[in-house]
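Subject: Handover of a model, with notes

Dear colleague,

I am passing on the structure below, together with some notes that I hope you will read alongside it.

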Number of protein chains: 2
Amino acid sequence: MSTLLQALRARLGEAGLLMGDDLGAYENDWRKRYRGRALAVARPACTEEVAHVVRLCHAHGVPIVPQGGNTGLVGGSTPDDSGQQLVLSLSRMKRMRDIDVANASLTAEAGCVLAEVQAAAAGAGLLFPLSLAAEGSCTLGGNLASNAGGTQVLRYGNARELCLGLEVVTATGEVWNGLSGLRKDNTGYDLRDLFIGSEGTLGIITAATMKLYPQPRERLTALAACASLDAAVALLALARRRAGDALTGFEVMNHASLALVARELPQLAQPLGPAAWTVLLELSDAESAEHARGVFEGLLEAAVEHGCVDDAAIAQNLQQAKAFWHLRESIPLAQAQAGLNIKHDISLPVSAIPAFVAEMDARLAAYLPGIEVIDFGHLGDGNLHYNVQAPRDVAPGEFLAAHEAAINEQVYDAVVRRGGSISAEHGIGRLKRDELAARKDPVALQLMRQIKKALDPQGLMNPGRLL
Amino acid sequence: MSTLLQALRARLGEAGLLMGDDLGAYENDWRKRYRGRALAVARPACTEEVAHVVRLCHAHGVPIVPQGGNTGLVGGSTPDDSGQQLVLSLSRMKRMRDIDVANASLTAEAGCVLAEVQAAAAGAGLLFPLSLAAEGSCTLGGNLASNAGGTQVLRYGNARELCLGLEVVTATGEVWNGLSGLRKDNTGYDLRDLFIGSEGTLGIITAATMKLYPQPRERLTALAACASLDAAVALLALARRRAGDALTGFEVMNHASLALVARELPQLAQPLGPAAWTVLLELSDAESAEHARGVFEGLLEAAVEHGCVDDAAIAQNLQQAKAFWHLRESIPLAQAQAGLNIKHDISLPVSAIPAFVAEMDARLAAYLPGIEVIDFGHLGDGNLHYNVQAPRDVAPGEFLAAHEAAINEQVYDAVVRRGGSISAEHGIGRLKRDELAARKDPVALQLMRQIKKALDPQGLMNPGRLL
């Protein structure tokens, strides 16, 4: 065992340092795109142990790959195959340090699973609104390192907007205590937001203070059929005007998305008939079920009059509301069943989305007849999952091998040309690192490299990711 | 004329470079605490000219002091008295570049006055919610450089939360085009939030894309009398629970604040009798005046039942609503009339405020009998203006000379001990630079200095401010 591993074992104990052949859960990413091999897996139990691990790695020149729940989609939290990188798992740092009801905030360690954080807030009668598909296994630290989005961004923002303060172990192994329950603090550079979204390349988030909100009295869900994406954008403006901040969800699904669900998951009821676009709306009401229903009915009537909605259904009870959401959330599952596909997690100004989709759909159809665009996502945030599926008579594996690069280039070119982002919520990691270097504003890239060099001069924090 | 000034004149023309004895408006700060002397005042008319000025100063090693509306409260935007610093005024960059209604965003240049930005949004049927006392002369660039707060933070956040993207001239004179209408973009480090609040020490903000919101149908205002600060905190929780995001204002005023207004501005009506604490609540309603009134009446009845409110008045019309706000906003004016005082713009977790105020009030009363604490501010954001006025029989000037340092130390000690901030919304500038160096977490200070050195290696951007 090397000097470094001996020193780690001495400080972390048996449970704190995993070695050997059985580390697959830490070495392979969730989407199974990257298989790596770790030097070892360190599992520190407290902030001081994290700092100690970082200082040891610093002294030995060993790269560190921080890891939360390992549910990331861009290969950002697993080691390369060199066997030289240490995985630093935050999975033992699971303490809920504090809940402050009067300040509507909680402080939790990085390894707390998102669903546990939600439950702790609910236990105190409050809402922690961050919510996404992996919430049963992703961790708060990973959510912050990747600035996670999810289904409640329209009203509550990304992980970034929900964070009040951080505790961070820097790249040189010092502890910055920036935990804070403050809503306002203008005392210098915004270090918090620099670490959020930096994907473990500048330091390691060990704990965070997060905002909590009142629990809404009632959550109500509806589906609406729109004849075009322009109509869906008009519905969004109308809904924001009439419902204000009560509008907490606005998801769109194109015709192909729900047709795919009907094919792959025929047991799921689809309350509305086929439409060019189906919108899922969610209202969160501070008053009562009756009030929420009144707002929804008024809104949908106005939308029908206004010509932007052709048909609509309001969920009659909680079970039906869940079924509506389940329909939306089943699209990725239906895609997985149908075989490999090319995913694009993109964002655009909301105003630019209809023209982008029209252009792209036409270009892809011309490029390869029979191609299927499974287009769905968070229209209220300008974020689409614009996924491309093989024509039904082409094997998905062959399709990807032959067309992935060309299709990515077409999609990302059009996104950047219209002022959009090639990664709205999933981050960069290894998957989009070259794409970022090629497409990001060169001045921004230079500033990012200067910051990286200033804060991690040895380049040991999650190397090869992001930059 | 030096080579630098000749080169500036050649590029900027007569209107773009001011020299001579008549520069007081650019050299002296708004509070009249700092009188400086500038090498000259450059007034570039476009981003490329700003970049050119920065490159010239870089080549000549001349420090730059960026300046917006010069309404800052901490001496951050005026030159020192050396006559060697160039003031770079953004006052000619006043173009409203774009309003995107469907995306609910606008892009404006740094020199646009805040009130003009508000008016442009209103002209498009939308709301730009940033609002503060200096809005008639402060500029968007200055608002962002100082991360301005104001009266609508409770619902809409600081300038930071309202910003989608920036255009920045870096310290080496390159242009970073980070203007963006995107709500979600996870492509690398958060440069936007690094420049926001950096007080011109890392680069110069030349334009910004800002979020817009639907105009509320109705704004309703009420005053409530509370017997204690604990009661006011309980009222805040109740109001958030019942009104949700419709609660857009929650300001508190202590007894001494309104007594001072009654003395200095007796013409202002005070609808409620004297109370330990008076709360101003504002509701913004997406539905109707009747709905807003119903929510307010229900809330205040519940608060009286609950025991946290003793008396209340809802504004009966717009004029009365304005009068309620005017009462709150007259406190600084009444203070100015009463003479010099010691201002503290502090924030604390909301839960920590009652104990802080009880402790501090008692300690100051013991320190100097007759001292008056004029305590008011944005309780919903945890932000108090905890200002200390001389005993009525002591001349304010003498009071400050004898006691300012000792009182600052007592107040800031208690703030930091309770996890608070010594500058909630005004920033650091020159006024609190030493205080920051003494009180900020040393690891944070070190990170800030590393970033400063990486992005401004010559140290020419607003030197002597913040760090």
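Predicted model: local features only at pLDDT ≥ 70, side-chain atom pairs only at ≥ 80, totals over all residues.

Residues are numbered from 1 along each chain as its sequence is written, chains are lettered from A and ligands numbered from 1 in the order in which they are written, and side-chain values use heavy atoms, with hydrogens and water left out.

In chain B, the axes of helix α9 (residues 229-243) and helix α11 (residues 289-306) come within 10 Å and cross at roughly 145°, where axes are lines fitted to C-alpha atoms, for helices over the stretch in contact, and angles run from 0 to 180 degrees between N-to-C directions. Helices (H or I, at least four residues) and strands (E, at least two) are DSSP runs, numbered from the N terminus. The contact (heavy atoms within 4.5 Å) is made on the α9(B) side by L235(B), L238(B), A239(B), R242(B) and A243(B), and on the α11(B) side by V295(B), G298(B), L299(B), A302(B) and A303(B). By class, eight of these residues are nonpolar, one is polar and one is charged, with Ala, Val, Leu, Ile, Met, Phe, Trp, Tyr, Cys and Pro counted as nonpolar, Asp, Glu, Lys and Arg as charged, and the others, Gly among them, as polar.

In chain A, L235(A) lies in helix α9 and counts as buried at 0% relative accessibility; here buried means under 20% relative accessible area, exposed over 50%, and partly exposed in between (1.4 Å probe, protein chains only). Leaving aside neighbours within four places in sequence, L235(A) is in contact with A224(A), C226(A), F250(A), V279(A), L281(A), A303(A), C308(A) and V309(A).

Helix α14 of chain A (residues 353-367) has 15 residues and reaches 21 Å from its first C-alpha to its last, close to the 21 Å expected at 1.5 Å a residue, the expected span being 1.5 Å times one less than the number of residues. Its buried residues are I353(A), P354(A), F356(A), V357(A), E359(A), M360(A) and L364(A), and they pack against α9 (229-243), β14 (277-285), β17 (345-347), β18 (372-378), β19 (383-389) and α15 (396-417) of chain A.

D80(B), in the loop between β3 (64-67) and β4 (85-89) of chain B, is partly exposed with a relative accessible area of 25%, and, not counting residues up to four places away in sequence, touches G36(B), R37(B), Q85(B), R430(B) and R465(B). V416(B), in helix α15 (residues 396-417) of chain B, is likewise partly exposed, at 34%, and its contacts beyond four places in sequence are I422(B) and R439(B).

With kind regards
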